[in-house]
Amino acid sequence: MGANEREHLDVEVEKLLVERSGQMAGASLFVKIALLGLGALAVGVAQGVTLSAGTGPPIWNVITIAGAVIVFLGSVWGFITEQDASKALGVAARAARQAREYREVVEDIADDLGDVQVSLSRATELYAAMNVMRGAIERLVNGHPVTEQELLQALLDVAARPLKLAAGIQTRHHYTICIYKAVPGSSVGETVLKCVAHLREVRCDLDKARLWPVGIGAVGVAYARGSEVLVADLSAPEVASYYDLPNWKPEDRGRYKSIVAVPILLGDDNLKWGVVTATSDEVGHFSFSAQNGVRTSEAARALAGMVALALTKHHSPVSPLASA
């Protein structure tokens, strides 16, 4: 029921309450005056007449008539001074309606405060993730030598919790957060994106992770374009044809329903090194539609920037294809 319909219903209920209580008040007054007051007066007068006819002492004649008059006057006084209950019921109905309206306002404010709390929480976790990754980069780059893959996996491991929370990932979600590097494929001149570091709900061997050719899937398209790809619903029919998703496994359709893919660009020339992805089993988890505060996709953007910083400090930004 809409707000206008509720408002109309409230007014009608209030009107009916006033009308009904008015009818009840009128009937009550009729009983008090016509039946009680006038009846008592009639009885008293009749009794007085009987007494005056010689059936009793004269003093009782006066007392009987006086009592009847007192009863009648009391009924009239009650009619004059009695409060109209219909007005009180009308006020009560309006008060109830206003109370409900105030409650709805309070509930809306509570919802807004909840959204603000979620936004602040995501922003806090995103800051925490970037802070711990920056500290890890400084320690690892300036410490004992590590491989590129060890460096990137260490970044994910140290920031796993705040990254997931900043991305809106809950314990009930199936998720992945992956770092892909562009490497030569099996065919001459072919380039594929290989997963070199990851966080997953279901762990798997990196050597068995799927390779994405350039231009194929959200990973390959993001690399080819050099720009972000965000898909709210991977199960939509038009998405499969557009991104040419190959070899879908039965379990894939339940696990991967929303994805954001952000290219990793190095140096002032924005040299394409690879792609960061985050996926969720929840349709619309990553979306361009309005979201309160920090978007869930912001965690992938922040991770791509920290990976670029780590690689820049680890070695000079040369093409991974040229050095492979």
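**Figure 1. Helix α9 and the largest cavity.** Helix α9 (residues 298-314) gives the largest share of the lining of the largest cavity, 3 residues. The model is predicted: local features need pLDDT of at least 70, side-chain atom pairs count only at pLDDT 80 or more, and totals for chains, interfaces and linings use all residues. Residues are numbered from 1 along each chain as its sequence is written, and side-chain values use heavy atoms, with hydrogens and water left out. Helices (H or I, at least four residues) and strands (E, at least two) are DSSP runs, numbered from the N terminus. The lining consists of L163, A167, I177, A278, A299, A300 and L303. By class, these are 7 nonpolar, no polar and no charged residues. Nonpolar here covers Ala, Val, Leu, Ile, Met, Phe, Trp, Tyr, Cys and Pro; charged covers Asp, Glu, Lys and Arg; the others, Gly among them, are polar. The largest cavity holds about 40 Å³ of space. The whole structure has 1 cavity of 30 Å³ or more. A cavity is a set of points on a 1 Å grid over the protein atoms alone where a 1.4 Å probe fits but cannot get out; lining residues have an atom within 4 Å of a point. Points are joined across faces, edges and corners, and the volume is the space filled by probe spheres set on them.

**Figure 2. The largest nonpolar core.** This core has 42 residues, and L152, L163, I177, I179 and I264 have the most contacts inside it. Elements giving two or more residues include α3 (85-142), β1 (175-184) and α9. The largest share, 10 residues, comes from α9. A nonpolar core joins buried Ala, Val, Leu, Ile, Met, Phe, Trp, Tyr and Cys residues through side-chain atoms within 4.5 Å. Buried means under 20% relative accessible area, exposed over 50%, partly exposed in between (1.4 Å probe, protein chains only).

**Figure 3. Surroundings of I264.** Beyond its neighbours within four places in sequence, I264 is in contact (heavy atoms within 4.5 Å) with residues including I179, W273, V276, A304, V307 and L311.

**Figure 4. Helix α6.** In helix α6 (residues 217-225), 7 of the 9 residues are buried, so the helix is largely enclosed by the rest of the structure. The buried residues are G217, A218, V219, G220, V221, A222 and Y223. Just after α6, G226 has a positive phi of about 75°.

**Figure 5. The loop at N270.** N270 sits in the loop between β5 (258-266) and β6 (271-280). Its phi is near 50°, a positive value in a residue other than glycine. N270 is partly exposed, with a relative accessible area of 47%.

Definitions and conventions. 1 Å grid on protein atoms, 1.4 Å probe; cavity = no way out; pocket = protein on both sides within 12 Å on 5 of 7 lines; lining within 4 Å.
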